[in-house]
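This report looks at selected salt bridges, strand pairings and a helix contact. The sequence and structure come first, and the notes follow.

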Amino acid sequence: MRFGFVLISLIVSTLCYGEQRLKWNALPELPSTLGVAGPFTGIHEDTLIVAGGANFPEPVWENDKVWHDQIYTLSMSEKDSSWITVAQLPRPLGYGACVSLPTGVLCVGGNDANSVYDEVFLIKRDGSIENWQALPEPNVYGVAAILGDYVYLLGGTTGLELRTASDAVYRLNWKSGKQAKWEKFESLPGGGLAFASVVAQHNGQTDCLYLLGGRYENQDGKAVYTDRVYELNPEQPNARWRKRASMPKPFAAGTASALGQSHIITLSGDDGSLFGRADELKDDHPGFSKESYLYHTITDTWVSGGQLESNQVTTHAVTRGDDIYLASGELRPRVRSKKVWHLTPVELQDAGFSKWNWVAIIAYLGAVMGIGFFFSRRNKDTDDFFRGGQRIPGWVAGLSIFATLLSSITFVATPARAFATDWSFMLINAGILICAPFIVFVVLPYFRKINATSAYEYLEQRFNLAIRLFASLSFILFQIGRMAIVMYLPALALAAITPLSLSWCIIIMGLMSIIYCSLGGLEAVVWTDALQAIVLLGGAFISFGLILSSLEGGWSEYTRVGLAYTKFRLADFDWSQRSYMVASFWVVLISGIGQSLIPYSSDQAVVQRYVSTSTEAKARSAIWLNAAMALVGTLLFFGLGTALYVFYKSNPALLDPSFKTDSIFPLFISRELPVGIAGIVIAAIFAAAQSTISTSMNSTSTAIVTDFFRRLGWRASESSYLKLARGFTVLLGVMGTAFALVLAIGNIESVWKTFMMVIGFVMGPLCGVFLLGMLTKSANSVGAIAGAISGVSALVATKYLTPASGLLYAPIGILVTFAVGWVASRFLKYR
């Protein structure tokens, strides 16, 4: 088995190695007869701008270099558009740095035959120029990048000769416009450097600057080409450059660009092998390299990026979304190109979707449907439909709680986080281990004592009807929104690794959940949850085992690489004043406790399992089993993420830039797992999604019928209530599926996230209200309302007025609600 998996990986890696990662589409050529090197290039409002630059008039070996001042523009929104000369620069100028801003193309420094300049100006699509604050010193052959609110200028020379290469790094806040002043930043490591490349890219944790290659003059006056790579996180306190894996060969005067979410691709460059021989070789010079290279920021690895269509250097790679634009440049000494290219990413080809994968998926979906039909005949009234007639075994209820809270988002995202970072977020999952005794001995007895069908019945008995109805309505709105997200996000991963479209993935998940949930009620939901828990854990175990078997050295290699690259780090013990802004140890720990308290003490979806067993002892066993399963699942999913890191660090050519980091597990499933096995793991993703969706449907239907129709006096027979419950289950499922489809085909994801954020602000304070009632005798309804309002206000203020980590939102909402509610109740002695 191990030999076969390793052999397949080697074959695929060989096929992928050197495969072209970009599609080259020719745009209209630049009007310049010869093309130029060192132009200012960028995009402003769907318009490609090329300005200035220099070339050698023909015959190139008999004439001196000439600088130019023309500003050309090309509309990218108009079909069959052509280049237009719209204006001129203040003077002929070239070889400066440039970046594209929302307000125009910012041009920094540059030179002509006699001088190097410190001027900075903005070119807009109509050719108009806006002067900005000048640099502290002249600069040419420097490089610039935009990261967040800042433009960074790195290296370059202050004079016309290489010996004036500078190690200075400057930045300015571009949002301040032409009044922004340049400030000195962390200097380049290793001294002055020119002709380098810089790219802003994500490293799995945050956006960073990557400095690639460059050229400098040593003490003997000789030009040195470097292959060094450095990374800088400017937002980090006391930011320092970090050495990364060197490039395959020296690299200078070339272009590089971000590709996908965590790759950098080089687009030709000069390796220095023929430096100083231009006059000797002249037209026999072979030109600059057409070999590209791919760097992966997370695994810190280089691989071949395939052959380039063109080898243009001394120009700039202009990016817009996933697209790259390359205009003009130099093909070999003194020879320019007037070609302009539009480059788009190419997805690596896989082997297709096997029929055995379909067999595994269909078998799983068939089993789920069978469970729904089996339990449909046992639903005689709403107690059967909402609580399973309290016939649920404790171990089944425990697996159901585990599967419910482990959504498909977690199933995919947790390994991705461990792949990109380390195990420091594991403490969030450990929150249930800390909270389990409190839930078992404090929270659970309250719900069992009142024999609740809806968790929010407790709030009426402890406070009043209004609080119950508000809490139930908040839960209902949150679950409808959650259903859409839980269907949409895993559907993105499933659509990328199966022949199914995004819409069909959503429809299948929604339709299957609606059928078995509406037929079988809670019994069908919890038993399918148990099956789904086994399938998703089994899929993860299989993947983990196959990765270990593919590694040369197996477990020892896994631990060696994991330890060498600190992938097993459990906590960031940052006790500085800024520790509350990041995922430090205490922030993650407190967040884990808060995020566990919310579902286990105030979420109908979980509380419903507490009252589905015949005795309180069985309910306690369900909570303990869930805690144990959470520990196993946490170790498994974080371990799987590290295994993926070790695998792809050993096989970097298998990484596909078109896949986002969050989809690293689906990438492995679709490309590396044997047929049939991949189907089982894909079924696990369906399972994780459906367990959450079906729970949301059933628990929300329970809340609507119990807290509104039955409580507010809608008179009907028990059979009518059962029909109503099934009707709402179908309606809620259709609504969740419809909203997920709207997310898939519309551009409203940001609107939906805002809606979920607003509703989410209520869930922490709602938990605080439950705990206020359970832990204090003096609490009253006025105090509870005052606490809840204060909790929501505190969360809004924390988000918009402080830099606090979002991990703290849950505990802040709980604590503020509880504290204000208790104090207010002490002063307001009435209900």
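## A salt bridge within one helix

The side chains of E557 and R560 meet in a salt bridge with an N to O distance of 3.0 Å, a salt bridge being a side-chain nitrogen of Lys or Arg within 4 Å of a carboxyl oxygen of Asp or Glu. Because they are three residues apart in helix 12 (residues 554-564), E557 and R560 are separated by about one helical turn. E557 is buried at a relative accessible area of 17%, whereas R560, at 48%, is partly exposed; here buried means under 20% relative accessible area, exposed over 50% and partly exposed in between, with a 1.4 Å probe and protein chains only.

## Basis of the description

The model is predicted, so local features need pLDDT of at least 70 and side-chain atom pairs count only at pLDDT 80 or more, while totals for chains, interfaces and linings use all residues. Residues are numbered from 1 along each chain as its sequence is written, and side-chain values use heavy atoms, with hydrogens and water left out.

## Other salt bridges

A search of the whole structure finds 27 salt bridges. One of them joins the side chains of D149 and K175 at 3.2 Å, N to O. D149 lies in the loop between strand 12 (143-147) and strand 13 (150-154), and K175 in the loop between strand 14 (169-173) and strand 15 (183-184), so this pair ties together parts that are 26 residues apart in sequence. Helices (H or I, at least four residues) and strands (E, at least two) are DSSP runs, numbered from the N terminus. D149 counts as partly exposed, at 33% relative accessibility, and K175 as exposed, at 57%.

A salt bridge also forms between the side chains of E161 and R163, with an N to O distance of 3.2 Å. E161 is partly exposed, with a relative accessible area of 40%, while R163 is exposed at 59%.

Strand 26 is joined to strand 27 (residues 323-327) by four bridges, and the two run antiparallel; the bridge partner of A317 in strand 27 is L326.

Another open sheet of four strands has the order 2-3-6-7, again with antiparallel pairing. Its edge strands, strand 2 (40-44) and strand 7 (84-88), each pair on one side only. Five bridges join strand 3 (residues 47-51) to strand 6 (residues 70-75), which run antiparallel, and in strand 6 the bridge partner of T47 is S75.

## A helix contact

The axes of helix 10 (residues 465-497) and helix 17 (residues 677-710) come within 9 Å and cross at roughly 160°; axes are lines fitted to C-alpha atoms, for helices over the stretch in contact, and angles run from 0 to 180 degrees between N-to-C directions. That makes helix 10 roughly antiparallel to helix 17, since angles under 35 degrees count as roughly parallel, over 145 as roughly antiparallel, 65 to 115 as roughly perpendicular and the rest as oblique.

Notes:
Pairing = 2+ DSSP bridges.
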